[in-house]
Amino acid sequence: MKLKQLEGLLGDLEQFSNPKVELEQYPTGPHIASRMLFTAENSYGDITDKVVADFGCGCGTLSAAAALLDAACVIGYDIDTESLETATLNAEELEVEIDFVQCDITKLQLKGKIVDTVVMNPPFGTRKKGADMEFLSAAMKVASQAVYSLHKTSTREHIKRAALRDFNAKSAEVLCELRYDVPKLYKFHKRKEVDIAVDLWRFVPKQN
């Protein structure tokens, strides 16, 4: 599948109808999601025929992208029932098979490296300090091949240090810097939309 085609399909998905600020729910736009998954597959072969987990999947944009790129199995995890209902409808609309699981990522009790690749757009930790790190820690415990994740560019050094020192990463690489378009979703947002600089990371876990 070509990148433009993937972006077009993701652009038709339903997003949060009632976003929850405490969960830092922001939609992953089709531009970023398509490039994230396209790069994971075309540069590294980490999606097609692989078991892919989407942590904090929200309305399932990254999950859908993985399924459209022919992942062997896609599992989307999220704590929010409403988001998972929307994600399920999105999967049905695209006619792709995705398993959705309601759970708290930070309390995930998965034993060992049961998935090949984790993709995620975690909370950036602006409402709950360290939320991004909790997601990264959880992802590194279950991925056998790679973790793809978006984090604020301003946290780059902190992320790299923590991944290599604390989360058992063999390598932590910023693949590109992207502009994350945050629309006005919440009352406290003053401007119509804001661009945030984010890094697309690829973490490779050490093989235990």
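Me: Helices (H or I, at least four residues) and strands (E, at least two) are DSSP runs, numbered from the N terminus. How many helices and strands are there in the chain?

Reply: This is a predicted model, in which local features need pLDDT of at least 70, side-chain atom pairs count only at pLDDT 80 or more, and totals for chains, interfaces and linings use all residues. Residues are numbered from 1 along each chain as its sequence is written, and side-chain values use heavy atoms, without hydrogens and water. From the N terminus on, the elements run α-α-β-α-β-α-β-β-α-β-α-β-β. The chain therefore has, by the DSSP runs, six helices and seven strands.

Me: What percentage of the residues of the chain count as buried?

Reply: A residue is buried under 20% relative accessible area, exposed over 50%, and partly exposed in between (1.4 Å probe, protein chains only). The chain has 208 residues. The share of them that counts as buried is 51%.

Me: Among contacts between residues at least 6 apart in sequence, what percentage join residues at least 24 apart?

Reply: A contact means heavy atoms within 4.5 Å. Among contacts in the chain between residues at least 6 apart in sequence, the share that joins residues at least 24 apart is 71%.

Me: Is Cys 103 buried or exposed?

Reply: Cys 103 lies in the loop between β3 (99–102) and β4 (115–120). Not counting residues up to four places away in sequence, Cys 103 touches Tyr 77, Asp 78, Ile 79 and Leu 108. The C-alpha atoms of Cys 103 and Tyr 77 are separated by 6.4 Å, although the two residues are 26 residues apart along the chain. With a relative accessible area of 17%, Cys 103 is buried.

Me: How many of the 12 residues of α5 are buried?

Reply: Helix α5 (residues 131–142) reaches 18 Å from its first C-alpha to its last, close to the 16 Å expected at 1.5 Å a residue; the expected span is 1.5 Å times one less than the number of residues. Among the buried residues of α5 are Met 133, Phe 135, Leu 136 and Val 142. The helix is largely enclosed by the rest of the structure because the number of its 12 residues that are buried is 10.

Me: Which residue forms a salt bridge with Asp 46?

Reply: A salt bridge is a side-chain nitrogen of Lys or Arg within 4 Å of a carboxyl oxygen of Asp or Glu. The side chain of Asp 46 meets that of Arg 202 at 3.0 Å, N to O. The pair links distant parts of the chain, 156 residues apart, with Asp 46 in the loop between α2 (30–42) and β1 (51–55) and Arg 202 in strand β7 (residues 193–205).

Me: Which residues are linked with Lys 4 in a network of salt bridges?

Reply: Side chains of opposite charge can pair when their charged atoms come close. The side chains of Lys 4 and Glu 7 meet in a salt bridge of 3.7 Å, N to O, and these residues are separated by about one helical turn because they are three residues apart in helix α1 (residues 3–11). Lys 4 is exposed, with 63% relative accessible area, whereas Glu 7 is buried at 16%. The network links Lys 4 with Glu 7 and Arg 35.
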